[in-house]
Amino acid sequence: MPTLITRVADTVAPARLGRSFRWLLASSIVTNTGDGIALAAGPLLVAAQTRDPLLVSMAFLAQMLPVLLFGVVAGAILDRHDRRRIVASVNLARAAVLAVLGMTIVTGVVSIAVVVAALFVLGTAETFADTGTSSLLPRLVRREDLGIGNARLQGAFILTNQLIAPPVGAFLFVVGMALPFAVDAACFALGAVLVSRITFRPTAEPEAAREPSTIRADMAAGLRWLLAHPPMRTLALTIFAFNITFGAAWSVLVLYAGERLGMSAVGFGLLTTAMAVGGLIGTGAYGRLERRFSLADIMRVGLLIETLTHLVLAVTTSAEVALGMFVVFGVHAFVWGTTSTVVRQRAVPDAMLGRVTGVYSVALVGGIVIGTPIGGLLASAFGITAPFWFGFVGSVLLVAVLWRRFDDIVHAGDATAAGH
């Protein structure tokens, strides 16, 4: 008879997804645990070094900037080389950086400059790791299993990175300032070992010989492909535009929670927890949603939920209503993210997938970076709910423009599948 562990493993990662997917999922669980620990321990370490708001903001920028600087570069490099080896290598690099950071804490030579530099290097490595992991999946599972595969990876991220690991990171920091970073280093080293066990599925087509080219030429080729592919170009612009409205509203969320909803610091934490709970519900139900509804309708309903979220948060003063809305928004955010990833992986040729994924990462982060100061300026000029009204009006306009385009977007990979 199958053991309980076997039954759980078969439920989480069905056998049809293959052993290599299980290695990838295990690596994702371990490395996202490390990331989640750092999510709490990193800001605590920054605060222990300085109370200067400018320096604190520089630490935040050091984590975001690498995606904008290296997102497309990382994709080009991943398309030129073995993605599995690159993901394993950058995980080892993250382990080494965290081990060095831990040593500076133990020896007392740590400073805000050291911390910011470490965060920048870690953010750069994470850019390569995240793009590589997303680009690996289509080589591991069948086309029809991309949805459940992405949902399981998203679920692992939510459970470890968002729910379990952050409080563990805070606890470890209190026990010993260097301890969470030592645990992080061990997580990433183990993640490198796990991802190195992956083997690729045989492909129906022989791999084409690569013509000699430069990284710059590869990046340009990836951008040209995206610009010449209307459905994928539209999806990238959609992600960029909606993250401007998202970034504007979420940039003042901590102030909104206190001033508008009367919530304490713990209450603010519950908002992010509510969104993570919604994400677990959404990724857990993704297989059933994909079987019952078209991907186009899933994307349309998701953007209606995002629009409604901005409206509800703009008008409510109830903490309970806001918490409920955040659960619903969490369902949408992770279902929509999973769906858009599946659509991209089906439509983009494997040889271009790293570069195009890099462009999408830049669009996502770039939208948030642009939206963040817009939200701050609107709140300063018109009140704390102004960014949410901005998000609502902007979302309504975007939904109206994009409503009919989703059928083209979700079927963009049909020609690729027919070719295979």
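Predicted model: local features only at pLDDT ≥ 70, side-chain atom pairs only at ≥ 80, totals over all residues.
## Two helix pairs

Let us begin with helix H2, residues 19-49, and helix H7, residues 179-195. Their axes come within 8 Å and cross at roughly 160°. Angles over 145 degrees count as roughly antiparallel, and H2 and H7 are therefore roughly antiparallel to each other. The handedness of this crossing is left-handed. Sorted by class, the contact of H2 with H7 holds 16 nonpolar residues, 6 polar ones and 2 charged ones.

Now turn to helix H13, residues 295-315, and helix H16, residues 386-402. Here the axes come within 8 Å and the crossing is at roughly 155°. That makes H13 roughly antiparallel to H16. The H13 and H16 crossing is left-handed. On the H13 side, the residues that meet H16 are Leu-303, Leu-304, Thr-307, His-310, Leu-311, Leu-313, Ala-314 and Val-315. Their partners in H16 are Phe-388, Trp-389, Gly-391, Phe-392, Ser-395, Val-396 and Val-399. By class, the contact of H13 with H16 has 11 nonpolar and 4 polar residues, with no charged ones.

| Residue | Helix | Relative accessible area |
|---|---|---|
| Arg-83 | H4 | 7% |
| Asp-184 | H7 | 0% |
| His-332 | H14 | 5% |
| Gly-123 | H5 | 5% |

**Arg-83.** This residue is placed in helix H4, which covers residues 83-107. Buried means under 20% relative accessible area, so Arg-83, at 7%, counts as buried. What does the side chain of Arg-83 join in a polar contact of 2.7 Å? The partner is the side chain of Asp-79. The Arg-83 side chain also reaches the backbone oxygen of Ser-135, at 3.2 Å. With neighbours within four places in sequence set aside, the residues in contact with Arg-83 are Leu-78, Ser-135, Leu-136, Asp-350, Leu-353 and Gly-354.

**Asp-184.** Asp-184 brings us back to helix H7, the helix that crosses H2 at roughly 160°. Its relative accessible area is 0%, so Asp-184 is buried. If you leave out residues up to four places away in sequence, Asp-184 touches Gly-34, Ile-37, Ala-38 and Leu-98. Another pairing to look for is Asp-184 with Ala-99: 85 residues separate them in sequence, while their C-alpha atoms are 8.5 Å apart in space.

**His-332.** Helix H14, residues 319-347, is where His-332 lies. With a relative accessible area of 5%, His-332 is buried.

**Gly-123.** Our last stop is Gly-123, in helix H5, residues 112-136. Gly-123 has 5% relative accessibility and therefore counts as buried. Leaving out residues up to four places away in sequence, Gly-123 touches Gln-63 and Pro-66. Gly-123 and Val-67 are 56 residues apart in sequence, and the C-alpha to C-alpha distance between them is 7.5 Å.

Note on methods. Residues numbered from 1 in each chain as written. Heavy atoms only, no water. Axes fitted to C-alpha atoms, helices over the stretch in contact; angles between N-to-C directions. Helix = DSSP H or I, 4+ residues; strand = E, 2+ residues; numbered from the N terminus. Parallel < 35°, antiparallel > 145°, perpendicular 65-115°, else oblique. Left-handed = near helix turned anticlockwise from the far one by under 90°. Nonpolar A, V, L, I, M, F, W, Y, C, P; charged D, E, K, R; others polar. Buried < 20%, exposed > 50% of the residue type's maximum accessible area, 1.4 Å probe, protein only. Polar contact = N/O pair within 3.5 Å; in protein donor to acceptor, adjacent residues only side chain to side chain. Contact = heavy atoms within 4.5 Å.
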